[in-house]
Amino acid sequence: MTANIRVTIWNEYRHERRSEEVAKIYPEGIHGTLAKALSEKGFTVRTATLDEPEHGLTEEVLENTDVMIWWGHMAHGEVKDEIVNKVHQRVLDGMGLVVLHSGHFSKIFKKLLGTDCDLKWRESNDKERIWVVAPNHPITEGIGDYIELEREEMYGEPFGIPEPETLVFVSWFTGGEVFRSGCCYTRGQGKIFYFRPGHETLPTYHNREIQQVIGNAVNWANPTATRKLIRGNTPSLEK
Ligand code: ZN
């Protein structure tokens with residue numbers, strides 16, 4: 001099943017090219033690290049980045065993507081609305097979307113959720129403990145009671161999102177804050193998963209458990225049940 005899922009990893013890819021600190025952790029970009037991890041799990045993976053024509057998200061790419069992964073931060077405003085609209089339509093038509101970390105402020109996430117998606121944050125090397133709060137959910141497969149990250153950026157509540165359809169993870173930070181860090185939604189026929197960790201100056205996406213969750217999320221968001229919807233003016237079934 002996994003082998004047939006076509007994943008497009010979209011990354012803004014600016015921090016890695018501007019900061020030596022980030023480039024050391026992700027020499028081939030965050031998308032490169034995630035592509036390697038997901039390929040090893042058997043997914044069919046391609047990558048796309050902001051500075052490619054059409055941000056790498058041509059009609060052909062969108063048509064041939066089952067699940068898209070989204071990482072963005074410093075250049076959310078540079079993502080063209082016409083591309084956002086196309087991705088949005090693909091989600092409504094059934095494409096899965098996994099939004100990572102600072103993608104909470106991306107145009108596509110805010111448009112799909114309809115709220116400001118704002119939060120508290122702090123870069124101070126807190127420890128993060130990501131608790132599983134939906135233990136039988138497929139996104140938690142292979143994960144114990146929690147994942148511990150020695151260092152991460154803090155994100156804190158209140159997180160400006162609609163009530164998740166399923167809350168899968170809740171994070172605790174050494175500063176005392178908590179955060180809804182794994183949230184499931186459906187929009188149209190598309191499944192959306194938001195997953196919090198992944199600050200660019202830290203090696204979070206090299207962590208095997210984090211890679212496991214992202215792989216699980218791709219499997220979960222894969223549009224297996226998508227059907228062509230019949231809408232519009234409709235004749236009566238009865239005479
Ligand atoms: Zn961050």
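Which residues point one way from β4, and which the other way? The points below take up this question and then turn to other parts of the model, which is predicted.

1. **Strand β4.** G96, V98 and L100 point one way from β4, while L97 and V99 point the other way. In a regular strand, side chains alternate between the two faces of the sheet. Every one of these β4 residues is buried, whichever way it points. Because 5 of the 5 residues of strand β4 (residues 96–100) are buried, the strand is largely enclosed by the rest of the structure.

2. **The neighbours of β4.** Strand β3 (residues 67–71) runs parallel to β4 and is joined to it by 4 bridges. Within this pairing, I69 has V98 as its bridge partner in β4. β4 is also joined to β9 by 4 bridges, and these two strands run parallel. Here V98 stands opposite F193 in β9.

3. **The β-α-β unit.** β3, helix α5 (residues 81–92) and β4 together make a right-handed β-α-β unit.

4. **The nonpolar cores.** The largest nonpolar core has 35 residues, and those that touch the most other members are I69, L100, I139, F169, F193, Y205 and I214. Helix α7 (residues 208–221) gives the most to this core, with 7 residues. A second, separate core has 33 residues, among them L57, M68, V91 and F159. In soluble globular proteins, nonpolar side chains tend to be buried together.

5. **The surroundings of Y205.** Leaving aside neighbours within four places in sequence, the contacts of Y205 include Y26, I30, T33, L34, W71 and L100. H101, P197, G198, I210, Q211 and I214 are also in contact with Y205.

6. **Aromatic pairs.** The whole structure holds 10 aromatic pairs. In one of them, the ring centres of F109 and Y194 are 5.4 Å apart and the planes stand at 35°, so the pair is tilted. This pair links distant parts of the chain, since F109 belongs to helix α6 (residues 107–113) and Y194 to strand β9 (residues 190–195), 85 residues apart. F109 is buried, with a relative accessible area of 0%, and Y194 is likewise buried at 0%. Ring pairs also link F109 and Y194 into a cluster with Y155, F159 and F179.

7. **Charges over rings.** The charged end of R196 sits over the ring of Y155, 4.9 Å from its centre. The charged end of K110 sits over the ring of F105, 4.8 Å from the centre of that ring.

8. **Backbone points to inspect.** E157 and P158 are joined by a cis peptide bond, with omega about 5°. P158 is placed in the loop between β6 (146–156) and β7 (166–173). Y13 is not a glycine, yet has a positive phi of about 55°. Y13 lies in the loop between β1 (6–11) and α1 (15–18) and is partly exposed, at 22% relative accessibility. N125, also a residue other than glycine, has a positive phi near 60°. N125 lies in strand β5 (residues 120–132) and is partly exposed, with a relative accessible area of 45%.

Definitions and conventions
Residues are numbered from 1 along each chain as its sequence is written. This is a predicted model: local features need pLDDT of at least 70, side-chain atom pairs count only at pLDDT 80 or more; totals for chains, interfaces and linings use all residues. Side-chain values use heavy atoms; hydrogens and water are left out. Rings of Phe, Tyr and Trp (its six-membered ring) pair if their centres lie within 6.5 Å; planes under 30 degrees apart count as stacked, over 60 as edge-to-face and the rest as tilted. Buried means under 20% relative accessible area, exposed over 50%, partly exposed in between (1.4 Å probe, protein chains only). A charge sits over a ring if NZ of Lys or CZ of Arg is within 6 Å of the ring centre and within 35 degrees of the ring normal. A nonpolar core is a set of buried Ala, Val, Leu, Ile, Met, Phe, Trp, Tyr and Cys residues joined through side-chain atoms within 4.5 Å. Contact means heavy atoms within 4.5 Å. Two strands pair if DSSP finds at least two bridges between them. A crossover is right-handed if, with the strands pointing away from the viewer, the path from the first strand over the helix to the second runs clockwise.
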